[in-house]
Amino acid sequence: MTEFKEAKRQSPVAILLILYKVIRLILRQSLPILIVLILNPKGGKVDYVGIALIVISLISAVSSIMSYYRFFYFVDDKHFHIRKGWLVKSNISIPIERIQTIDFSQNPLHKIFNVVQLDIDTAGSANKEIHIDALTLSDAEQLRSFLYLKRGELNPEGESMEVQEEEEEITLHKLDLADLLKIGLVQNHLRTAGIIVAFGFTIYGELSEIFEKATDNFIEESYGALEKSGFYASLFLIIVLLVLSIIGSIIVVISQNFDLKFVFSGKGYKLTKGLLNKKQTTISLSKIQMLRWSSNYLQRKFSLANLNIFQASSIIVNIKKSIYVPGLNPLSIESITKNVFPAINTDHHQEIKVSKLFIIRQLISMTIIPLGIIIMSNLDQMIRGIIIALMWIIFSLIWSVFYFRKYKISIYEKGIRLDKGVLTHRGAMMEWKNIQSIGLKQSPIQKRRNLTNVVLYSAAGSMSIPFIDYNEAENLRDFVIAQVENSKKEWM
Amino acid sequence: MESEFSNEIIKIDQLPAIEQEQVILLDEKFIKIRTINSLGFYSLMAGCIMTFGFVAIPKSIMIFVFLLLFPILLFLLNIWLIKKQFKVEGYILRTKDIYFQQGYLWTKKMIIPFNRIQHASVHQGPLERYFNIGKLRIFTAGGQSSDLTIPGLDMEDALKLKQLIGNKTGTLKKMDND
């Protein structure tokens, strides 16, 4: 196997990729100026545009080529080094034993030249994530397996944590176009509709700034037409919005999860997906800190659920690295939880009761802002305002009661599971040994009722338990802390 | 069915619990620092109101005085809170973890086991330097929300605590140095 001791350059394709990045950056930053220059009806300035473009392209080209020639990577006994930069030089070295994951990704340009982008993620201080623009696939694979091997040697006590390429792979989940269509259909369309409406408003705002009068006239005319035709027109608009939302959801789902493959390979999971940018993420079992899953009302009818796997990542940067797998069967989620947290025996469990006061908290958080909006927007018609407000309060109350009833906290000997949600059911699971710290938080009202919120912090996000009895919370905390302190197992 | 797990519950009672008497309170000089900070903040607020008053409503002195009452009241409330806070805020050092409670109205009680601590550091601002007070920060892998900051420690205590935590988390610290 190559030792990577000598300083090596990237694949020459990197020049193109860097050029692409530089040009994109410049374009993004100078877009307003360019538009103004091009749209400016006054003649004579075209030459400046031309000159500016030539200068920019020259600088970009030179800087890309220089970046390529000044970029080296190599490996010594304990560190992975990168030397780069021509105006600002930098030397980056990261301890190999601290490498967390090495990911490949490809955009269309990468695909054409059969190269990959390499991202090395470490548990270390900020700015230490290493990024190599282009390596040939074979180089990248060699480098990855070499680094993993080396890390294994440097960390003899820690089990070699990474997914080995040679491991037998079991495909747990695969999505073809039909699956994606189905998943797209059962997304939360209200959310998409919200995004579309917000987007519409922004576009309208921007357009009206540019063509002030024209759009106003247009909107006024169409609004007038709408008022004349009344009910049917609004119905039509709502249907159009709904159809747009559904199409939007489907497009988003397909573009994000195209050709998704979720694989288990003995020591971890591997997720490959993407339409234009194919991305592969590996996640090793021992680094998984938390699982979260969810399924909305429609998804449950089709027995579909979504899974989020959170793994410990950059410690100080605090990027929560997670993978998201949609369209799983709820049963396979159960089996994945068993696989990820084998220590948690789900046969015996205790439930912690959330106090009824939680209903009131939920009710308040659901009503305060909407009530304000309702009152402000109905100042001229008090009665209508009061009726709408009352309806909203009743709805919120019913919702809060159901939310309270669905809240289930199961405590196992080695971990915890949380289930909640009225229409969208959400679940989360965590093992005690992964806990970093525990906080008990009390508001004055909670203090008077001897209640508290408990927050369990892991290296990949936290989990909070609201409104439970204070003494019970203290017992739970002492129990969990004792487990963490006596645990000799690695938490990552 | 639950008998096996109930055994664990009995164990829980035998676990060392946090006793309020054991809490080591913060340094008394910290009250001064907080008071000075609070005074600075509300003076600034009062200053803003005064400038605003002179520019916008030069004639109605009553409203002006009324507006000035606002930061004064808030300041007094803050002083009261600082005194109350001092009586409850503090830490406990145990063999395997560190405990810190803060807040009087809204309280937060954190425990971090030593084997989850990444590293610790001591900070000192100019005002704190004058009073010889330090701020201990304890970092975990859980990110900002799970990190712990213990302010208002005597500088020597803070350094000692940092040293102690460094020793307790020795192996991890070695990793941080390279």
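Helices H11(A) and H12(A) are roughly antiparallel to each other, a label given to angles over 145 degrees. The structure is a predicted model, in which local features need pLDDT of at least 70, side-chain atom pairs count only at pLDDT 80 or more, and totals for chains, interfaces and linings use all residues. Residues are numbered from 1 along each chain as written, chains are lettered from A, and side-chain values use heavy atoms, without hydrogens and water.

Two packed helices are described by the angle and the distance between their axes. H11 of chain A spans residues 357-377, and H12 of chain A spans residues 382-406. Their axes come within 9 Å and cross at roughly 160°. Axes are lines fitted to C-alpha atoms over the stretch in contact, with angles from 0 to 180 degrees between N-to-C directions. The crossing is right-handed, meaning that the near helix is turned clockwise from the far one by less than a right angle. The contact has 17 nonpolar, 6 polar and 1 charged residues.

An open sheet of 7 strands runs in the order E20(A)-E19(A)-E18(A)-E4(B)-E3(B)-E2(B)-E1(B), with antiparallel pairing. Strands pair if DSSP finds at least two bridges between them. E1(B) pairs with E2(B), residues 90-93, over 2 bridges. Here B:Ile24 stands opposite B:Tyr91.

B:Lys32 lies in helix H2 of chain B, residues 29-56. B:Lys32 is partly exposed, with a relative accessible area of 49%, between the cut-offs for buried (under 20%) and exposed (over 50%), using a 1.4 Å probe and protein chains only. B:Lys32 and B:Phe131 are 99 residues apart in sequence and 8.8 Å apart in space, C-alpha to C-alpha.

Terms used: Helices (H or I, at least four residues) and strands (E, at least two) are DSSP runs, numbered from the N terminus. Angles under 35 degrees count as roughly parallel, over 145 as roughly antiparallel, 65 to 115 as roughly perpendicular and the rest as oblique. Ala, Val, Leu, Ile, Met, Phe, Trp, Tyr, Cys and Pro count as nonpolar, Asp, Glu, Lys and Arg as charged, and the others, Gly among them, as polar.
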